[in-house]
Each structure stands twice: as C-alpha cells, then as structure tokens.
Amino acid sequence: MEIGNPGEQRDRLLALVLAGPKVATTGLLEEYEEEGEAVEHVGERLVLLDSDGRDSGEIEITRVAVVAWSMVTWEHARSEGEGDASLEEWREGHRRHWHDRQITDETLMVCLGFRLLLQA
C-alpha cells in the first residue's frame with residue numbers, strides 16, 4: 001500500500017502510521033476503478049511502501065466503508081491522524097490533494113481503518 005503521493009507527503013503520512021496516530025486513510029473509489037484495483041477487505045494485510053518502493057511495515061485492514069463524500073464522518077477524518085481540527089478542515093485538505101478531480105457530495109470515497117502489525 002502506498003499512502004499519499006511519493007515524496008514529502010508519503011514520508012509524512014508513513015511516519016504518522018509508524019508513530020501510531022494515523023490509523024485510517026481515504027481514497028477515491030474512481031481511482032480504484034481506473035487502476036483496476038479491488039477495494040480492500042477487513043482482515044487483509046498490506047505492506048506499506050515508502051517513496052522508494054521499500055517495505056516500511058505491515059498493516060491489517062480493520063474497517064472498510066464506501067460512502068459518499070458528504071457522509072464521511074469526523075470520527076474517520078480524525079483517525080487519519082493528520083492534525084485536522086474539524087471535518088471541514090479535513091475536507092479542504094483532501095480537496096487540495098485531489099485538486100485535479102471533481103469532488104461533489106455524491107463522490108464515492110473508500111474509508112479504510114487499519115492497525116500497524118510490523119515496522120520494517
């Protein structure tokens with residue numbers, strides 16, 4: 001699993017996973033479909049890759065929900081561990097991340113919860 005874009009963003013997000021506060025992430029369902037990838041399932045174990053494609057750890061998926069953008073909860077957003085002070089702040093940051101996409105209230109999001117199993 002690659003969290004975020006390679007470089008500073010991935011390094012920062014990976015550090016949050018390895019340190020403990022980041023126990024969730026969010027993706028666009030349309031990106032899964034474009035890449036021909038299946039949505040993760042509860043119990044699935046994934047290797048975390050750094051920006052250079054090296055193994056940095058292993059996580060286990062604990063929660064999967066495909067929901068509309070407008071239905072993403074503050075509980076999920078807060079569990080991403082990135083320091084957002086509100087759901088609106090989380091939304092603004094994610095809109096910036098997906099600046100090249102049209103995000104509407106109906107856009108389907110893949111909300112994943114996970115736990116860290118191993119650090120490389």
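Which helices and which strand each supply at least two residues of the lining of the largest pocket? They are helix 1, strand 1 (24-28), helix 2 (29-35) and helix 4 (87-97). The model is predicted.

**Largest pocket**
- The space in the largest pocket comes to about 990 Å³.
- Its lining counts 37 residues, and Glu2, Ile3, Gly4, Thr26 and His97 are the closest to the centre.
- Helix 4 gives the most to this lining: six residues.
- Sorted by class, the lining holds 16 charged, twelve nonpolar and nine polar residues.

**Arg10**
- Arg10 sits in helix 1, which spans residues 8-19.
- Arg10 counts as buried because its relative accessibility is 5%, and the cut-off for buried is under 20%.
- Beyond its neighbours within four places in sequence, Arg10 contacts Glu2, Ile3, Gly4 and Asn5 on one stretch of the chain, and Leu49, Asp50 and Ser51 on another.

- Strand 2 covers residues 45-49, and its side chains alternate.
- Leu46 and Leu48 point to one face and are buried.
- Strand 2 runs antiparallel to strand 3 (residues 55-68), and five bridges join them.
- Opposite Leu46 stands Ile59 of strand 3.
- The two strands form a hairpin with five residues between them.
- In the turn, Gly53 has a positive phi of about 80°.

Technical notes:
Residues numbered from 1 in each chain as written. Predicted model: local features only at pLDDT ≥ 70, side-chain atom pairs only at ≥ 80, totals over all residues. Heavy atoms only, no water. Helix = DSSP H or I, 4+ residues; strand = E, 2+ residues; numbered from the N terminus. Buried < 20%, exposed > 50% of the residue type's maximum accessible area, 1.4 Å probe, protein only. Contact = heavy atoms within 4.5 Å. Pairing = 2+ DSSP bridges. 1 Å grid on protein atoms, 1.4 Å probe; cavity = no way out; pocket = protein on both sides within 12 Å on 5 of 7 lines; lining within 4 Å. Points joined across faces, edges and corners; volume = space filled by probe spheres on them. Nonpolar A, V, L, I, M, F, W, Y, C, P; charged D, E, K, R; others polar.
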